[in-house]
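Reader: I would like to learn how to read this model feature by feature. Could you take me through it, with the general idea first and the case at hand second?

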Number of protein chains: 2
Amino acid sequence: MARTLDEIAREAGVSRSTVSRVVNNHPSVSPETRARVEAAIERTGYRPHGIARSLATRRTHILAMIVPEAVTKLFTDPYFPLMLRGATEACNRAGYQLLLSLFTASMDSGILRDRVLRSGYLEGVIAANASLSDELVPSLVEERIPFLTIGRHPDDRVNYVDVDNIGGARMAVEHLIRLGHTRIATITGPQDMTPAQDRFEGYRETMEMHRLPVSEGWIAEGDFTEAGGRAAMTRLLSERPTAVFAASDSMAIGAIRAAWAAGLDVPEDVAVVGFDDIPSALTVEPELTTVRQPIERLGHLAVEMLIQRFEQDGEQPTSIQRVVLPTELIVRKSCGSAR
Amino acid sequence: MARTLDEIAREAGVSRSTVSRVVNNHPSVSPETRARVEAAIERTGYRPHGIARSLATRRTHILAMIVPEAVTKLFTDPYFPLMLRGATEACNRAGYQLLLSLFTASMDSGILRDRVLRSGYLEGVIAANASLSDELVPSLVEERIPFLTIGRHPDDRVNYVDVDNIGGARMAVEHLIRLGHTRIATITGPQDMTPAQDRFEGYRETMEMHRLPVSEGWIAEGDFTEAGGRAAMTRLLSERPTAVFAASDSMAIGAIRAAWAAGLDVPEDVAVVGFDDIPSALTVEPELTTVRQPIERLGHLAVEMLIQRFEQDGEQPTSIQRVVLPTELIVRKSCGSAR
DNA sequence: TTGTACGCGTTATCAT
DNA sequence: ATGATAACGCGTACAA
């Protein structure tokens with residue numbers, strides 16, 4: 001079974017270069033030779049060796065999705081599978097492969113650099129929701145690997161794709177205000193993550209714009225998980241808010257459970273609005289009013305933008321690329337109707 | 001910035017071979033030369049080029065997790081993130097990388113073969129829950145790539161890791177019987193997937209063993225999703241079962257919602273038991289009695305077993321390796337107490 | 001259009 | 001202990 005260009009060349013009675021040209025669809029090969037070579041390839045079941053090819057072309061068509069430690073814990077939230085599905089779909093379309101690198105106990109940032117970033121295998125990296133304290137982004141900058149974060153990052157040199165978190169939060173809170181609520185609390189995400197910051201900022205500025213007071217007791221930090229949302233809501237309840245904006249659907253669902261456990265009805269006693277529109281927003285009782293973000297498109301777009309960087313022939317001065325996708329308010333039942 | 005062995009060699013005034021030895025911790029290098037070379041490496045920030053190394057050693061330390069089309073749809077079920085987390089953890093420990101390949105619309109099995117399996121990049125492949133009709137397993141066999149499936153596969157030549165689905169289902173059904181139920185229905189998974197087959201088999205044989213009738217109307221096929229479970233339960237309710245064994249937690253949760261929507265109380269009117277023990281089994285109301293399977297360990301073990309195959313020095317005749325992990329009944333509230 | 005020759009960055013064998 | 005030198009399999013100027 002022939003496994004190298006040389007063997008095919010011998011088979012077909014041509015030189016290795018010619019076989020290479022045939023394999024790479026180079027135009028200047030006579031139809032007859034091409035046919036003869038293709039026959040030999042067919043006959044022997046030859047496939048080019050990717051590694052050797054990569055060594056010669058300096059291309060691997062491999063991207064990495066790196067999930068920082070703080071986020072690995074949240075990995076069961078449907079957000080990540082959805083985002084990954086979008087990313088792999090884009091990779092499949094473009095002929096790339098996606099390496100998945102989760103930070104786990106046995107992985108520190110030194111290992112990451114040596115084993116992953118400097119391996120020579122990666123053409124680009126997507127950093128999923130890196131928190132500000134994370135060393136990942138500085139590492140990427142230093143290694144000079146083309147990369148992109150999902151979720152805004154404050155560093156000037158960082159390209160990212162994000163969704164309009166502030167605008168989304170604003171829509172959510174304005175919806176609550178429109179329904180007649182004034183005692184509106186919020187469950188935030190960890191404040192070292194920019195989406196959490198931005199959703200809180202949207203809440204804060206909307207309350208302010210409507211001259212509504214925001215007491216300290218109306219702000220509870222969660223961790224984006226259902227359990228965290230439940231705990232946060234429990235703390236919030238002593239302040240008797242009539243509505244709560246949770247910075248993620250998982251936390252919103254936790255909040256509903258906490259309200260329920262406290263003998264309160266949703267939306268009758270307290271209205272709840274979430275953020276994400278994950279599948280279970282539709283199956284929770286009551287169905288969750290939420291801010292939809294295009295999660296799959298986020299992953300898809302991240303890959304596309306990254307690829308575009310090294311796919312483009314021109315050597316343009318790589319300018320900063322940032323894209324912010326719109327969010328959308330999905331009204332269901334967890335906020336009831338006007339009071 | 002020195003980037004090749006040759007440059008380091010020049011820096012340190014030695015030959016390329018010596019530098020290579022230092023990099024690879026080969027013993028026969030004098031302490032002085034080693035120090036000099038290491039200094040040069042440190043100074044220049046040199047890192048070996050993985051691709052070139054792979055070409056020479058014929059090793060890439062890259063594994064792929066391939067998720068077949070039928071399963072890509074279920075990808076938001078917490079099962080997959082958990083399994084992936086286990087797999088990546090094992091990879092991190094062993095110094096391997098994990099390529100994630102989801103079948104999506106833009107990917108057919110021809111592309112998979114040419115672009116993924118035959119790329120030369122993969123040392124091994126894990127096939128996640130391939131259904132019987134899937135072409136993936138035959139392709140893997142034919143390509144002679146070391147692989148392993150997660151979930152039993154009937155082909156003799158296939159190695160796999162699995163959990164004791166039959167035993168788990170048996171425990172679930174026996175629990176219901178012990179509580180006094182006799183009208184026990186089941187919501188199955190798609191019957192072209194072996195875990196779904198086995199869980200159904202566990203149900204069937206346990207009913208039979210206890211000489212309990214199984215009417216046609218007590219069997220409803222779902223698709224492992226919550227929506228599917230809800231639909232299946234709705235069909236089941238006309239037969240008035242007093243208990244239902246669902247082949248996944250997601251479907252069990254759907255079943256609870258359907259019961260609730262029909263005005264039935266769980267567990268008062270109908271008991272529900274699930275399978276998986278995903279995080280939301282704890283947060284659903286009532287808390288779900290379920291069969292726990294060690295999902296992360298499944299992913300972890302799959303990687304370990306695969307690596308072991310090519311890591312072992314000895315050229316043993318690679319015997320068939322199959323591991324089945326135990327399952328465990330977790331009693332919570334969705335089945336109530338004895339009737 | 002086709003072939004020759006060199007380079008991609010390592011590892012590994014064999015002298016010394 | 002160290003250094004030439006030959007693979008590893010392919011791409012690609014350059015020459016013919």
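Author: Gladly, and we can begin with the DNA. A residue is near a strand if its C-beta atom, placed from the backbone, lies within 6 Å of it. Of the 24 residues around DNA strand D, those that come nearest are A:Thr4, A:His49, A:Ala52, B:Ser15 and B:Ser28. Before we go on, note that this is a predicted model, in which local features need pLDDT of at least 70 and side-chain atom pairs count only at pLDDT 80 or more, while totals for chains, interfaces and linings use all residues. Residues are numbered from 1 along each chain as its sequence is written, chains are lettered from A and ligands are numbered from 1 in the order in which they are written.

Reader: Which helices supply at least two residues each of the surface near DNA strand D?

Author: Helices (H or I, at least four residues) and strands (E, at least two) are DSSP runs, numbered from the N terminus. For DNA strand D, the contributors are helix H2 (16–23) and helix H4 (50–57) of chain A, along with helix H2 (16–23) and helix H4 (50–57) of chain B. H4(A) gives the most, with five residues.

Reader: How does the surface near DNA strand D divide by class?

Author: Ala, Val, Leu, Ile, Met, Phe, Trp, Tyr, Cys and Pro count as nonpolar, Asp, Glu, Lys and Arg as charged, and the others, Gly among them, as polar. That surface has 10 nonpolar, 12 polar and two charged residues.

Reader: And which residues come nearest to DNA strand C?

Author: Among the 26 residues around DNA strand C, they are A:Ser28, B:Leu5, B:His49, B:Ala52 and B:Ala56. Here H2 and H4 of chain A and H2 and H4 of chain B give two or more residues. H4(B) gives the most, with five residues. The classes are 10 nonpolar, 12 polar and four charged.

Reader: What rotation superposes chain A on chain B?

Author: Copies are superposed by least squares on the C-alpha atoms of residues with pLDDT of at least 70 in both. A rotation of 180 degrees with 0.0 Å of shift along its axis does it here, at an RMSD of 0.1 Å. That is the relation of a two-fold axis. Of the residues of chain A, A:Leu99 comes closest to this axis, with its C-alpha at 2.1 Å.

Reader: How many residues of chain A are in contact with chain B?

Author: Two residues are in contact if their C-beta atoms, placed from the backbone, lie within 7 Å. By that rule, 41 residues of chain A are in contact with 40 residues of chain B. The largest share of the chain A side, nine residues, comes from helix H6 (79–94) of chain A. The residues of this side divide into 17 nonpolar, 16 polar and eight charged.

Reader: Which strands pair across the two chains?

Author: Two strands pair if DSSP finds at least two bridges between them. Strand E2 (residues 97–102) of chain B is joined by three bridges to E2(A), and the two run antiparallel. The bridge partner of A:Leu98 in E2(B) is B:Leu100.

Reader: Let us turn to strand E6 (residues 184–188) of chain B: how many of its residues are buried?

Author: A residue is buried if 20 or more other C-beta atoms lie within 10 Å of its own, exposed if 12 or fewer, and partly exposed in between, with C-beta atoms placed from the backbone. Five of the five residues of E6(B) are buried, so this strand is largely enclosed by the rest of the structure. In a regular strand the side chains alternate between the two faces of the sheet. In E6(B), B:Ile184, B:Thr186 and B:Thr188 are buried on one side, and B:Ala185 and B:Ile187 are buried on the other.

Reader: What are the pairing partners of E6(B)?

Author: E6(B) pairs in the parallel sense with strand E8 (residues 243–246) of chain B over four bridges, and with strand E7 (residues 219–221) of chain B over three bridges, also in the parallel sense. B:Ile187 stands opposite B:Ala246 in E8(B), and its bridge partner in E7(B) is B:Ala220.

Reader: Where is A:Asn25, and is it buried or exposed?

Author: A:Asn25 is in the loop between H2 and helix H3 (31–44) of chain A. A:Asn25 counts as exposed, with 8 C-beta neighbours inside 10 Å. Its phi is positive, about 55 degrees, although it is not a glycine.
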